[in-house]
Amino acid sequence: MTLTDAEQRFMARQARGHLATVGPDGTPQVKPLGFTYNAVLGTIDIYGYQMAESAKYRNVRANPHVAFVVDEVTAPTMEGAHFLEIRGDAETAVGPQDPTGHLSPDIIRIHPRRVISFNVDPAHPGFAARDMTPADSTEVA
Amino acid sequence: MSAFTDAEIEFLNSQRLGRLATVGADDMPHIAPVAVFYDPEADVLVIGANVEFGEAVMVKSKKFRDAQRRPKVAVVIDVPSPRVLEVRGVAETHLDGGEEVSSRLGAPFRFAPAWISIRPRRIVAMGINGAAFETSARDVA
């Protein structure tokens, strides 16, 4: 397990996140995407339309370093800003078939290496960061 | 002539929230929610942070330090309809002048002294210049 219960609850409330990958010339690329937390593997699984044809998918295959953020603004104050950023290494994988048939079964799977949060756990408001090792999430060959 | 189309400028002016991707010294990307403004005089995007969150809120941030070291960045502004405007470009970091910039751009809050401008190099738009889901991508410099 890589994310705390509070982090998982925060993610589950948000419909979309934003993924940054790095292109061949070192320029980042950033897009809004749907996602799920894979509690079995401890990974973030990212879904999209025509995923395997996308630049982000090609980027990940060439350079696995990614950053993903889920955020929410509940008030125009410091206390009203909430975000969870996950930096990690991604692999491409095949997920379960989307029942609506709209999304590609090809996914980007992020193994978290560093988790940074701000006002995510109501019991511990403010900033928090921690590192994790490859053993915290499970690689599937 | 602007690097942006009229529809893109109208979209930029209708939104405040974007997500900025930078790349760190360790080659890991970083992604953060930010306030994005269009500067019609310089034809650049401007990222400013609310000075109420502290004078050093921008200059001490990871995104600012990353952009100082590696100016290749990307920012995306999007709404779920979906309309997506992604701008990849070259960032310039400014240590002061933020207050003047925020007042010149009519920003709803006063910027901290440090701010970032982004000169577009590639613009990727979906659902903005044409029909829903219609995507366009072009190099602008």
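## Chain A: burial and overall form

Buried residues account for 37% of the 141 residues in chain A of this predicted model. The secondary structure of chain A consists of two helices and seven strands, arranged along the sequence in the pattern α-β-β-β-α-β-β-β-β. The radius of gyration of chain A is 15 Å, close to the 14 Å that the globule rule gives for 141 residues, so chain A is as compact as a globular protein of that length.

Taken along the principal axes, the C-alpha atoms of chain A occupy a box of roughly 40 × 35 × 30 Å.

## Strand β4 of chain A and its partners

Strand β4 of chain A spans residues 65-73, and seven of its nine residues are buried, so this strand is largely enclosed by the rest of the structure. Two pairings of β4(A) can be described. With strand β1 (residues 17-22) of chain A, β4(A) pairs in the antiparallel sense over three bridges; here Leu19(A) has Phe68(A) of β4(A) as its bridge partner. With strand β5 (residues 81-94) of chain A, β4(A) also runs antiparallel, and nine bridges join the two. In this second pairing, the bridge partner of Asp71(A) is Phe83(A) in β5(A).

## Phe68(A) and the nonpolar core

The largest nonpolar core comprises 65 residues, of which Phe68(A), Leu45(B), Val75(B) and Leu85(B) touch the most other members. Leaving aside residues up to four places away in sequence, Phe68(A) touches Gly17(A), Leu19(A), Ile44(A), Ile86(A) and Ile110(A), together with Ile31(B) of chain B.

## Strand β7 of chain A

Ala128(A) lies in strand β7 (residues 127-131) of chain A. This alanine has 16 C-beta neighbours inside 10 Å and so counts as partly exposed, since a buried residue requires 20 or more and an exposed one has 12 or fewer. The C-alpha atom of Ala128(A) is separated by 8.1 Å from that of Val115(A), although the two are 13 residues apart along the chain.

## Chain B: burial and overall form

In chain B, 44% of the 141 residues count as buried. The secondary structure of chain B comprises three helices and seven strands, and from the N terminus on its elements follow the order α-β-β-β-α-β-β-α-β-β. For chain B the radius of gyration is 15 Å, close to the 14 Å given by the globule rule for 141 residues, so this chain is as compact as a globular protein of that length.

The box filled by the C-alpha atoms of chain B, taken along the principal axes, is roughly 45 × 35 × 30 Å. Among contacts in chain B with a separation of 6 or more, 59% are between residues 24 or more positions apart.

## The interface between the chains

Contact between the chains involves 22 residues of chain B and 22 residues of chain A. On the side of chain B that touches chain A, β1 (17-23), β2 (29-39), β4 (72-79) and β5 (83-94) each supply at least two residues. The most is given by β4(B), with six residues. By class, this side of chain B has 14 nonpolar, two polar and six charged residues.

Terms used
Residues numbered from 1 in each chain as written. Chains lettered and ligands numbered in written order. Predicted model: local features only at pLDDT ≥ 70, side-chain atom pairs only at ≥ 80, totals over all residues. Contact = placed C-beta atoms within 7 Å. Helix = DSSP H or I, 4+ residues; strand = E, 2+ residues; numbered from the N terminus. Nonpolar A, V, L, I, M, F, W, Y, C, P; charged D, E, K, R; others polar. Core = buried A, V, L, I, M, F, W, Y, C linked by C-beta atoms within 7 Å. Rg over C-alpha atoms; globule rule 2.2 N^0.38 Å. Pairing = 2+ DSSP bridges.
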